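Subject: Structure handover

Hello,

Here is the structure I promised to pass on. Please open it and keep it beside this email as you read.

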Amino acid sequence: MAFEGLSDRLQDILKKIRGKGKITEEDVKVAMREVRMALLEADVNFKVVKDFTNKVRERAVGKEVLQSLTPGQQIVKIVHDEMTQLMGGSESKLQMSTRPPTVIMAVGLQGAGKTTTVAKLAKNLIKSGRRPLLAACDIYRPAAIKQLQVLGEQVGVPVFSMGQGDPVNIAKGAVEYSKTNNRDVIILDTAGRLHINEELMDELLQLKAAVNPEEILLVVDAMTGQDAVNIAESFNEKLGLTGIILTKLDGDTRGGAALSVKAVTGCPIKFVGVGEKIDALETFYPDRMASRILGMGDILSLVEKAQANFDEKKAKEMQQKIRSQEFTLEDFLDQMQQVKSMGPLEDLLGMIPGMGKQLKGMKGEIDEKELLHVEAIIKSMTMAERRDPAILNGSRKKRIARGSGTRVQEVNRLLKQFEETKKMMKQLTDMTGKKGKKGMPSIKFPF
Amino acid sequence: MAWLDKIKGRKKNESAENEAAATEKVITEPEAASNEEMTEDISSEAEEKRKRGWLDKIRNSLSKTRRNLTDKIEGLVKRTGDIDDDFWEELEDILIQADVGVKTTLELIKNIRSRVKKEGIKEAREVIALLRAEVEAMLAANETETVPAGKPHVILVVGVNGAGKTTSIAKMANKYKNEKQKVLLAAADTYRAAAIDQLQTWADRAGVELIKHNEGSDPGAVVFDAIAAAKARKNDILIIDTAGRLQNKTNLMKEISKVKKIIERELPENQSEVLLVLDAATGQNAISQARLFQEATGISGIILTKLDGTAKGGIVLAIADELKLPVKYVGVGETMDDLREFSSAVFAEALFGE
Ligand SMILES: Nc1nc2c(ncn2[C@@H]2O[C@H](COP(=O)(O)OP(=O)(O)OP(=O)(O)O)[C@@H](O)[C@H]2O)c(=O)[nH]1
Ligand SMILES: [Mg+2]
């Protein structure tokens with residue numbers, strides 16, 4: 001997962017000073033040198049790194065820190081604060097025009113991921129009750145229009161295009177079209193261009209003048225290196241950006257470009273792309289991301305994810321079942337599938353405080369195949385067997401293995417897993433139930 | 001800015017040939033899809049000359065950002081006074097800024113520092129020259145000549161999303177065709193929306209044939225068919241376009257390994273090439289890309305794209321250092337003619353100026 005490498009390095013560095021009861025200026029200096037390396041290796045721009053380490057150092061060597069009772073922890077907090085600051089404080093939403101239609105323009109270099117991102121954004125807007133229209137202003141790249149049309153079809157959003165016509169006319173046409181066809185947000189997909197291509201940069205300026213966009217979003221590949229600042233600076237100078245979308249964050253990049261781009265433009269990162277699927281776009285929460293990078297976990301995102309993916313009623317039912325030990329193999333299958341729909345398990349575990357580092361050992365994705373086997377095995381059971389696995393004797397197990405194309409050992413393994421899960425869940429629900437009474441937020445883990 | 005005009009005129013011209021068909025939901029205004037822009041045709045000798053080096057091409061751009069690094073180096077060369085810690089630190093910054101990476105940068109600086117000391121070098125200019133030579137040597141160490149063994153010679157093109165695979169394939173197809181080779185393309189990116197149409201457009205422009213299946217079909221099957229077709233049609237070269245994939249996606253990497261195995265199985269006698277396409281703007285993640293694609297398919301060379309931007313592509317130095325992979329081509333623009341043979345000397349020069 002993105003940021004992982006950076007996160008590991010910083011955690012190691014900070015661990016060294018976290019517990020220390022006494023810290024000297026020299027300790028701070030050494031730590032900051034290591035932080036500098038970690039940030040550079042994560043592709044944070046070298047100027048941004050200098051500013052960052054200088055700021056932290058200045059604050060850290062202050063009397064109230066070094067002479068405090070817990071200087072180590074104070075320094076960790078300073079790093080966290082500055083990191084959050086660097087990433088842009090709290091989240092920032094899309095601006096919507098008071099007089100619709102709202103125009104949103106996506107700009108960026110070639111191959112950054114604009115076309116996919118505008119389609120994801122459209123999907124996102126539909127979810128929040130908007131009626132978006134996509135406009136195909138990339139008249140240059142072969143099959144760019146077709147690509148947008150296919151994606152538009154997938155998300156159920158109309159795509160306005162005028163072939164290889166003038167992008168300015170296309171944008172204007174889209175605005176006209178939206179007025180008569182009840183569309184309240186227009187998203188312009190523009191061609192990828194180099195920030196030093198003056199002619200094409202002028203074209204964007206003309207587009208801006210013609211349709212007066214509420215948002216001009218720079219789409220940046222999260223794997224970008226030191227050049228990210230040049231790119232962001234040029235686009236910002238020319239157009240006045242309102243926000244940034246970071247793409248391909250599902251890779252294993254350390255993602256320093258995020259910090260650089262924010263730092264040089266002052267524009268907030270509004271969304272991040274986390275996959276090729278059309279709904280893989282997430283709101284960016286700088287503070288949570290900073291916590292995650294520093295290994296402080298991101299429990300908020302986890303809870304939100306769970307809430308978005310689980311049906312409240314179903315979750316209650318499930319809790320009831322678990323308490324009264326009615327949890328069956330069928331429920332087990334259902335749960336596994338639901339958890340899977342939340343995204344890769346690795347990512348989820350990474351959000352739990354302190355888990356990020358422990359995950360190092362269990363590399364590799366949770367096997368899709370295993371889930372398929374589980375499904376096949378459970379489906380090969382009769383209803384009675386699913387409700388009461390105790391009745392499974394040797395010959396039944398053999399039949400199930402044959403029916404699911406697996407082996408008896410696998411059936412046994414699954415049954416063991418099921419029993420363990422059942423036990424664990426009972427403990428978990430009992431625990432959260434009790435805490436709930438004490439007024440603690442009771443997190444309902446429906447799995 | 002002549003080449004900018006060229007790119008723009010060319011693109012409008014070319015894309016007009018390939019009018020995108022409107023789907024049901026699309027509002028098209030036919031009169032607006034003008035042909036006015038169809039003007040200059042460029043396949044002249046002037047163009048031929050440009051193919052030699054890419055330095056001429058990227059030098060034409062007078063942009064401030066582009067000059068930034070070179071100016072810094074010039075500043076460093078011109079400065080008076082000793083070669084002190086400040087000097088080394090600045091040099092370090094310059095390499096870091098070019099995405100060479102901390103590890104390789106420190107290694108380079110260490111080597112140069114000890115040589116400077118040993119050889120008693122006092123001039124900044126000489127230090128830079130030394131550094132340039134070192135960089136050149138580092139890259140040249142991996143250079144290899146690919147001698148196509150057997151027909152068809154297969155080139156499998158891999159890389160992360162948006163790196164420039166499809167465009168680079170168009171450029172290679174154009175190049176080899178101009179060299180009178182019989183080229184066949186295979187559209188094994190069956191995943192991304194309209195990826196097949198994109199390659200078809202390029203195949204038409206380059207005037208080469210393309211083997212394709214439907215979107216969503218098995219890429220392995222496309223490759224299998226394409227090899228059979230290339231054998232039957234007696235093609236010299238078969239270039240395979242694949243879907244962009246992030247190197248940490250285990251399943252997608254397994255898929256590409258499978259494609260490689262199909263090639264090896266179907267053409268056991270032939271030595272195939274695997275080219276990894278890297279965007280010059282990529283930072284340290286490129287090392288992970290190179291490493292994991294190397295594990296999945298083996299890599300015979302790198303195509304470094306988008307060098308016409310302000311990024312220096314210094315990451316290939318780290319890759320040369322750590323993984324010993326050679327760069328084969330560089331991309332310097334969006335048209336079919338914008339491909340150049342890689343040269344360590346030119347690259348080192350582009351990195352540090354003269
Ligand atoms: N300026 C510049 N642009 C390039 C270069 N090479 C490719 N591009 C552009 O980069 C964008 C992406 O190129 P593609 O060839 O579609 O990249 P890809 O790797 O095939 O992308 P996917 O198949 O989507 O993963 C296109 O807009 C190309 O025109 C280059 O050398 N210079
Ligand atoms: Mg492609």
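Which residue follows H9(A), and what is its phi? It is A:Asn212, and its phi is positive, near 45 degrees.

First, some ground rules. This is a predicted model: local features need pLDDT of at least 70, side-chain atom pairs count only at pLDDT 80 or more, and totals for chains, interfaces and linings use all residues. Residues are numbered from 1 along each chain as its sequence is written, while chains are lettered from A and ligands numbered from 1 in the order in which they are written.

**Helix H9 of chain A**

Helices (H or I, at least four residues) and strands (E, at least two) are DSSP runs, numbered from the N terminus. H9(A) covers residues 198–211 and has 14 residues. From first C-alpha to last it reaches 20 Å, close to the 20 Å expected at 1.5 Å a residue. That expected span is 1.5 Å times one less than the number of residues.

Its buried residues are A:Leu200, A:Glu203, A:Leu204, A:Leu207, A:Lys208 and A:Val211. Down the helix axis these fall within an arc of 140 degrees, so they line one face of H9(A). The arc is that of the directions from the helix axis to the C-beta atoms. On the other side, A:Glu199, A:Asp202, A:Leu205 and A:Ala209 are exposed. Buried means 20 or more other C-beta atoms within 10 Å of the residue's own, exposed means 12 or fewer, and partly exposed is in between; C-beta atoms are placed from the backbone.

**Cis peptide bonds**

One cis peptide bond joins A:Pro100 and A:Pro101, with omega about 5 degrees. A:Pro101 is in the loop between helix H5 (71–87) and E1 of chain A. Another joins B:Lys151 and B:Pro152, with omega about -5 degrees. B:Pro152 is in the loop between helix H7 (124–140) and strand E1 (153–158) of chain B.

**Positive phi in chain B**

B:Ala194 is not a glycine, yet its phi is near 65 degrees. It lies in the loop between strand E2 (183–188) and helix H9 (195–206) of chain B. B:Ala194 counts as buried because it has 24 C-beta neighbours inside 10 Å.

B:Lys234 is also not a glycine, and has a positive phi of about 55 degrees. Its loop runs between helix H10 (219–232) and strand E4 (237–242) of chain B. Is B:Lys234 buried or exposed? B:Lys234 is exposed, with 10 other C-beta atoms within 10 Å.

Best wishes
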